[in-house]
Amino acid sequence: MSKISGAEILVKSLCEEGVEVIFGYPGGVLLSLADKLYAEKSIRFILTRHEQGAVHAADGYARATGKVGVCLATSGPGATNLVTGIATANMDSVPMVAITGQVRSSLIGNDAFQEADIIGITRSITKHNYLVKDVKDLPRIVKEAFFIASTGRPGPVLIDLPVDVTLQQDEFKYPRTVDIRGYKPTYGGHIGQIKKIARAIEQKKKPLLYVGGGAIISGAAAEIVELSHKADIPVTMTFMGLGAFPADDPLSLGMLGMHGTAYANMAVQEADLIIAIGARFDDRVTGRIDTFAPNATIAHIDIDPTSVSKNVRVDIPVIGDAKTIIKELAAEVNKKDHIEWHRTIAKWKKEYPLKYKDDDQVHPQYVIETICDAVKDKDAVICSEVGQHQMWTAQFFKFAKPRTWISSGGLGTMGFGFPAAMGAKVGRPEAIVIDIAGDGSIQMNIQELATVVMERIPVKIFILNNGYLGMVRQWQELFYSRRYAFTPLSKEGATQCPDFVKLAESYGAKGIRVTDKSKVREAIDTALKEEGTVVVDFVISREENVFPMVPAGESIDKMIHGLA
Amino acid sequence: MGKFVLSALVENKFGVLARVAGLFSARGFNIDSLAVGETEDVTVSRMTIVVDADERTLEQVKKQLNKLIDVIRVQDLTGGRYVDRELIMIKVKAENTNIREKIVQIVDSTGAEIIDVAKKSVIVEETGDEHKIKALVELLRPYGIIEIARTGKIALQSETNGK
């Protein structure tokens with residue numbers, strides 16, 4: 001067998017893994033690898049304008065498709081620019097392989113030019129990471145990296161590749177199997193535990209399904225619908241779980257937690273059985289932990305044992321794959337109805353609906369509802385940045401299917417949505433891909449407009465522009481006597497800075513500004529019809545708040561409901 | 001709160017110690033001691049970790065350790081029968097023959113050993129469990145301890161479980 005270089009071995013290994021796209025940015029130590037990638041026609045390389053754009057794009061690609069997202073950056077600053085995106089993927093359990101160039105092996109530790117200890121830096125924000133010391137290990141490491149990233153509870157894996165390894169020669173033989181003695185994820189749930197949950201459902205009067213992002217990763221949506229309908233159990237979803245259960249199903253309570261619906265939070269506090277599926281009892285969900293779900297027996301289905309009994313004591317744990325377990329649970333449980341429970345919930349739904357002021361102003365919630373209506377029955381993926389616009393989307397967009405909602409939940413990374421939308425569009429070219437943004441967040445990775453225009457990746461960016469870092473401003477309004485420290489981004493009535501319409505145009509995208517409520521739908525339809533990338537700047541009411549809201553550290557039934 | 005002895009078999013690779021130590025610091029777990037060394041299998045190291053935690057934190061520590069790809073197996077020795085040992089070296093002042101003799105007496109009666117003799121000090125070595133080591137330190141303290149080095153606990157599960 002003839003020998004080839006490490007760079008070529010890596011490219012061939014990526015082909016073996018079925019990689020179709022890499023988002024990345026070249027650099028000195030990647031020259032040889034870039035050259036080999038350039039020659040490989042089956043892998044599309046998308047040059048972003050910042051490494052952070054690349055890593056979020058790989059993330060969005062992975063979330064939209066369920067496949068492993070791949071990104072590439074050079075040593076030193078290239079690698080450190082990936083850090084936020086790797087941490088984002090790690091928090092939200094996104095399968096990703098990040099490849100970084102590294103200085104020559106003999107220079108590692110010498111503070112060489114563009115050297116950073118990226119293995120040390122990313123140790124706590126990756127599922128695992130590898131420094132390749134010998135070209136002989138490279139195929140095995142790539143194989144293991146993709147395996148680790150995509151199995152069990154998925155997560156990012158980083159491969160750090162010194163430049164000399166890309167030049168070393170070896171024969172190429174790709175391993176067929178993986179055997180890592182310290183890594184054996186559990187998939188099948190314990191049948192005894194599953195039966196315990198089934199019996200609990202039959203005995204209890206006020207059961208509730210609490211569904212998180214794990215349900216989407218596992219592909220358990222259909223099974224959850226089956227379980228919920230058969231045993232007549234209402235369903236609330238975490239921010240990450242939106243789309244796992246159809247929002248328009250009568251059994252849906254929407255999102256729970258800090259900005260969840262009042263009726264979802266009240267149901268949690270009143271429930272006598274909570275079945276958590278791929279959720280991790282995050283502080284944004286539980287609020288004050290010692291008053292969370294005081295009356296409930298808690299069952300928890302999760303593939304990650306560390307998530308069980310970490311924040312909340314669990315009575316019936318089941319470790320394994322949600323899809324498999326829910327299927328068994330749905331088969332095991334006897335048909336049952338909970339009429340009284342639904343009556344109570346219906347009363348809450350009537351008493352505390354999600355609402356906003358319906359007047360002439362451009363209210364953000366209205367914009368979200370209009371977007372939702374405009375893409376109804378179409379194949380659409382909605383991405384978001386982080387802040388008020390994100391919460392309004394989570395509240396008012398009626399997600400019907402899994403993998404249609406892509407947002408940074410755990411880490412709350414501003415600047416995530418737009419590059420993630422770019423990645424999602426590459427993975428799902430037939431879908432409409434929208435980034436709902438704030439005027440703050442969108443500026444964090446706005447440079448990727450160049451990428452989407454040059455690479456012809458048409459995404460629709462809908463900016464809810466209130467001239468503030470709105471979520472922080474909201475907290476300042478409520479808890480800091482309206483002292484708006486460092487949150488105004490523009491002055492009311494003053495010239496826009498930046499002018500998002502001109503900005504879009506300067507990149508070769510279309511820009512539209514909407515200041516009038518009657519023009520909202522028209523602008524959305526125009527944007528969706530347009531072939532290329534469109535930025536719509538919705539100038540919204542400046543001091544709108546996200547309600548309901550549970551103040552940090554409060555019990556989740558202590559909600560601020562806002563306007564009457 | 002209490003002390004728990006965990007024994008973890010890990011891949012004998014560079015960086016594994018940093019992963020384990022990093023896990024403890026990032027999650028705010030308290031390590032009392034950590035000792036690591038190769039096992040009968042050269043590809044595997046054993047880490048003996050003494051953790052100061054409550055039961056719930058201990059559960060998290062065990063799960064989090066197991067979650068590391070390079071950790072092969074974690075055993076909680078605390079519940080069952082196990083033996084543990086620690087090695088200590090104590091440099092004590094011994095400036096005249098009189099004192100030196102007294103130190104020798106202590107060493108002989110405790111099963112310790114003198115492993116280095118200098119003009120004005122000796123180094124005493126002792127292997128034993130925590131109590132034995134503590135007792136020796138207290139006996140030598142009046143003579144003036146110059147410095148101490150100790151390994152931290154290593155432990156193995158006992159096969160003599162009384163049945």
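**Entry 1: a bridge in the sheet**

I looked up Gly24(A) and found its bridge partner in β4(A) to be Leu72(A). The model I am reading is predicted. I then checked how β2 (residues 21-24) and β4 (residues 69-73) of chain A are joined: they run parallel, and two bridges link them.

**Entry 2: the whole sheet**

Next I traced the strand order in chain A. I read β3-β2-β4-β5-β7-β6, an open sheet of six strands with parallel pairing. I noted which strands end the sheet: β3 (44-47) and β6 (128-131) of chain A are at the edges. Each of these has a single partner strand, so one side of each lacks a neighbour in the sheet.

I asked myself which strands helix α5 of chain A touches. Helix α5 (residues 83-91) packs on the sheet against β5 (96-102) and β7 (156-162) of chain A. I have its direction at about 145 degrees to that of β7(A).

**Entry 3: α3 against α5**

I turned to the pair formed by helix α3 (residues 51-65) of chain A and α5(A). Their axes are 8 Å apart, and the packing angle is about 20 degrees. Angles under 35 degrees count as roughly parallel, so I put α3(A) down as roughly parallel to α5(A). I logged the crossing of α3(A) past α5(A) as right-handed.

I listed the residues that meet. From α3(A) they are Gln52(A), Val55(A), His56(A) and Asp59(A). On the α5(A) side I have Thr84(A), Gly85(A), Ile86(A), Thr88(A) and Ala89(A). By class, I wrote down five polar, three nonpolar and one charged residue for this contact.

**Entry 4: chain A with chain B**

Last, I looked at the contact between the chains. I recorded 13 residues from chain A and 15 residues from chain B. On the side of chain B that touches chain A, the elements giving two or more residues are α1 (16-26), α2 (55-67) and β4 (71-76) of chain B.

Which element of chain B gives the most to that side? I found α2(B), with five residues. I sorted the chain B side by class as well: six charged, five nonpolar and four polar residues.

Terms used:
Residues numbered from 1 in each chain as written. Chains lettered and ligands numbered in written order. Predicted model: local features only at pLDDT ≥ 70, side-chain atom pairs only at ≥ 80, totals over all residues. Pairing = 2+ DSSP bridges. Helix = DSSP H or I, 4+ residues; strand = E, 2+ residues; numbered from the N terminus. Contact = placed C-beta atoms within 7 Å. Axes fitted to C-alpha atoms, helices over the stretch in contact; angles between N-to-C directions. Nonpolar A, V, L, I, M, F, W, Y, C, P; charged D, E, K, R; others polar. Parallel < 35°, antiparallel > 145°, perpendicular 65-115°, else oblique. Left-handed = near helix turned anticlockwise from the far one by under 90°.
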